[in-house]
Amino acid sequence: MGEELRSLDDILAQGLPDDEFHRVRCEKVLGTTAILLHQQGTARSAELAELLTEVTSLDLEYRGEDWQVAQFAAYLEVEPHLIPRFTEDAIRDIARVMDDAVVKDPFAIQSLEVRPVVPPISADWRKQLKAANGPRPSNQAKRVRLEPQHPTEDGLHFTNEWEWKVYKVLKERQATLPDNDTIGIVPLAAMKVLKPMYVEPDFLVTYRGRVGIIEVDGHYHRGPRSRSDDHSRERLLRNAGVKQIDRIDVRDTTQKEDVEKFVTDFLKHLVD
């Protein structure tokens, strides 16, 4: 954890453009607050630290100066369905620790609020919303459906073209297998793994009584996640019965044969 925080301090000292400096500083404040909560060692503080991992981003808005110290209003930006979990008591307890998180910084947090993440909206938002509601309730790609210009195929939704390319290869492999020895392909399904956490793997694949997960990694990936976050997430998935978790970089999806080899190796390890 200390290494992650030092690396953020190093990044902030590199003379970043204003927008990038703001983003990294907000991420440092959010991460420091979560770690300080975790280090308190109580069940309540651990729950709040876990809750902060669900925050999409922190935003700091300048509110002037008090005694020559810059004052900021802090906003935890979260998916709308998570807002009820940020009760008044939770916000109050998080705000107290956030004050400690910035005590060595040349600014102070004046207030803390929660607000919903504003989704990107395209000109055909009416069509998107109707498609997102659909004829039946579904957990498949629930958030992605409202994002403009995401790929779809077979009535399924994908975050981007790289996930769609992997799906195409998985579907082709499925077609070559006999009906009594085939694979199941579940893209972007919300999966409850541990209170209060759920995850949305890029692909959940079933084969011969085994369950595996494929993640398509790249700069586009949803939300800031560290390597330690990935390890923690994978541990939760394995504890929930997932046998094989493998990752393919978006740079390895440009050539179809590379994706085909990845899928072959993934299925082999899944049933070993």
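Modeller: What follows describes that sheet, strand by strand, and then the chain around it.

This is a predicted model, in which local features need pLDDT of at least 70 and side-chain atom pairs count only at pLDDT 80 or more, while totals for chains, interfaces and linings use all residues. Residues are numbered from 1 along each chain as its sequence is written, and side-chain values use heavy atoms, with hydrogens and water left out.

The sheet is open and has four strands in the order β6-β9-β10-β11, with mixed pairing; strands here are DSSP runs of E with at least two residues, and helices are runs of H or I with at least four, both numbered from the N terminus, and two strands pair if DSSP finds at least two bridges between them. At the edges lie β6 (183-187) and β11 (244-249), each of which pairs on one side only. Averaged over the sheet and ignoring direction, neighbouring strands are turned by 20° against each other, where axes are lines fitted to C-alpha atoms, for helices over the stretch in contact (heavy atoms within 4.5 Å), and angles run from 0 to 180 degrees between N-to-C directions.

Strand β6 runs antiparallel to β9 (residues 203-207), and five bridges join the two; P187 has F203 as its bridge partner in β9. Across β6, β9, β10 (210-217) and β11 lies helix α6 (residues 161-176), which runs at about 165° to β6.
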